[in-house]
Protein chains: 2
Amino acid sequence: MPFQPVTAARLSGAVVEQIELLILRGVLRPGERLPAERDLAERLGVSRPSLREALGALQEKGLLEARAGAGVFVAEGLRSVFPPALVRLFAGHREAVVDYIGFRRDLEGQAAERAAVHGTDGDHAVIAAALAAMEEAHGRRSTPEEEAELDAGFHMAILEAAHNVVLLHMMRAMFGLLREGVFYNRQIMFRNQPTRARLLEQHRSIAAAILGRDPAAARAAVEAHMDFVEQALAEQVRAEGHEAVARQRLER
Amino acid sequence: MPFQPVTAARLSGAVVEQIELLILRGVLRPGERLPAERDLAERLGVSRPSLREALGALQEKGLLEARAGAGVFVAEGLRSVFPPALVRLFAGHREAVVDYIGFRRDLEGQAAERAAVHGTDGDHAVIAAALAAMEEAHGRRSTPEEEAELDAGFHMAILEAAHNVVLLHMMRAMFGLLREGVFYNRQIMFRNQPTRARLLEQHRSIAAAILGRDPAAARAAVEAHMDFVEQALAEQVRAEGHEAVARQRLER
DNA sequence: GAACGTGGTCAAATCACTTGACCAATTCCG
DNA sequence: CGGAATTGGTCAAGTGATTTGACCACGTTC
């Protein structure tokens, strides 16, 4: 029968969740001091010991730092690009995925435009080669891991062709996180046959627009691609939800 | 400062939530008997008094019925189409919105096909009149409430033109729920100027395909329309989320 | 009709949280 | 520079939520 054990949610857990979200969304910034414990406890409507339990958990996660007599601060270390504590935070929240795709959509759209305009013949050759590798892999039924790696290579080639070092380093860090599966399991995009075909088609459109030196078309193609990825991921999440419900129905 | 009071979630609340979801998803069906209290308490990992508190709340909501000596049953009354208890359940869960749109997409796609093939000249005249009313309203800046009402009239005209009484009654009930704002506030679709324009465009496409007796085009136009509605709603939810975060940042 | 299994009720014990107090460290102000 | 104020850190007693365990009444089954 499809019943799951429930656990009494601790008050401190709810406090942790709220403060984590404020950090994730940039409302609480690195180095910033939180309200004093007595004040914060009052605002949250909890006792100081309960609040302190939550603050302790957040310190263990590397998100907060407490100094007796001085106050509680958002960890300075969160200022660096993608410190481990922030990566764990991203991994635990779905809205980071949506924001990531939106962000990537904007930046890669821009990169594609720039690659169409400023890309050298050498850059364009690298992009063409990356696409050729994907076509070849597609033909011989490679693994989803391999195709995901080629996909990253293709997108990195475009980013390099954009000749913007800030953009490049930012996106390199992003792809690092994507490889670690922080945002989503990128291989799922290549497991489904029709999706594989659609992705290749979109990559062809992107490459054609860049190599044809059509910045507007390049941008539009990238945006359409990211829209498709977002939709496919949403579909995946829904399908997984449906699978879980079907299993529950079967369990009776 | 952007901190919200937190309240200790009661154990019984978590139990209520789980059983509600099982009912919403059709895992627990009307008339079906739940496991005995002692058994269920064990599976959920809670005490009988806590479980009974949850079962009591579910009975008050009209979802369960208990009979001393016989057992606890999912309410028989949930068998009827959209009983109040089920409507309240829909209203409280976002996944019902997604399912509703998917369901409506399928049924209205079918209805549009049928309207293209089987609709009489009279039916088609009604559809054309409904579209004309929407064009007229669009031109003179009507209220979102008024446009939502005309929208429902347009879709009902198509459903009537499909000449399938089961479909018609089913969708009438659906539109009744939509009017009550169970799934979403339907007027939000008409508040945004570009969205208004897009909706009218899509309604024109739907009408043109039906009146041109092109079933495949009619279905495709309806599906594209529902996809757009779903996307616009998702955007709305995200925008509201962003607005809330912006307010929190401002609050410091 | 008796036994078993069910829902319904309740008291005592345990755990999570609150209240209130006190101590040590840091900051601020005169 | 020292004292006052504010901060974090710790802890005991009280309160409410939950668990444990028991008992009673009703319905079903053999």
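In this predicted model, 36 residues of chain A are in contact with 36 residues of chain B, where contact means heavy atoms within 4.5 Å. Residues are numbered from 1 along each chain as its sequence is written, while chains are lettered from A and ligands numbered from 1 in the order in which they are written. Because the model is predicted, local features need pLDDT of at least 70 and side-chain atom pairs count only at pLDDT 80 or more, although totals for chains, interfaces and linings use all residues; side-chain values use heavy atoms, with hydrogens and water left out.

The size of an interface is often given as the accessible area lost when the parts come together. Here chain A and chain B bury about 3,100 Å² between them, with 59% of it on carbon and sulfur atoms. Buried area is the accessible area (1.4 Å probe) that two parts lose on being put together, summed over both. Between chain A and chain B there are 4 residue pairs in polar contact, both residues at pLDDT 80 or more. A polar contact is a pair of N or O atoms within 3.5 Å; within protein, one must be able to donate a hydrogen and the other to accept it, and residues adjacent in sequence count only if both atoms are side-chain atoms. The side of chain A that touches chain B draws at least two residues from each of α1 (11-24), α2 (37-44), α5 (94-118) and α11 (215-250) of chain A. Helices (H or I, at least four residues) and strands (E, at least two) are DSSP runs, numbered from the N terminus. By class, this side of chain A has 20 nonpolar, 7 polar and 9 charged residues. Ala, Val, Leu, Ile, Met, Phe, Trp, Tyr, Cys and Pro count as nonpolar, Asp, Glu, Lys and Arg as charged, and the others, Gly among them, as polar.

Next comes the DNA. DNA strand C is surrounded by 25 residues, and the closest are Leu11(A), Ser47(A), Ser50(A), Ala68(A) and Arg48(B). A residue is near a strand if one of its heavy atoms lies within 4 Å of it. Of the atoms of DNA strand C that come within 4 Å of the protein, 63% belong to sugar and phosphate. Ser47(A) has a polar side-chain atom 2.4 Å from a phosphate oxygen of DNA strand C.

Side chains of opposite charge can pair when their charged atoms come close. The structure holds 29 salt bridges over all chains, a salt bridge being a side-chain nitrogen of Lys or Arg within 4 Å of a carboxyl oxygen of Asp or Glu. The count between chain A and chain B is 0.

In chain B, Asp121(B) forms a salt bridge with Arg213(B), their closest N and O atoms being 3.6 Å apart. Asp121(B) lies in helix α6 (residues 121-139) and Arg213(B) in the loop between α9 (193-211) and α10 (215-250), so the pair ties together parts that are 92 residues apart in sequence. Arg196(B) and Glu147(B) also meet in a salt bridge (2.4 Å, N to O). Both Arg196(B) and Glu147(B) are buried, meaning under 20% relative accessible area, with exposed over 50% and partly exposed in between (1.4 Å probe, protein chains only). In chain A, salt bridges that share partners join Arg105(A), Glu113(A), Arg219(A), Glu223(A) and Asp227(A) into one network.
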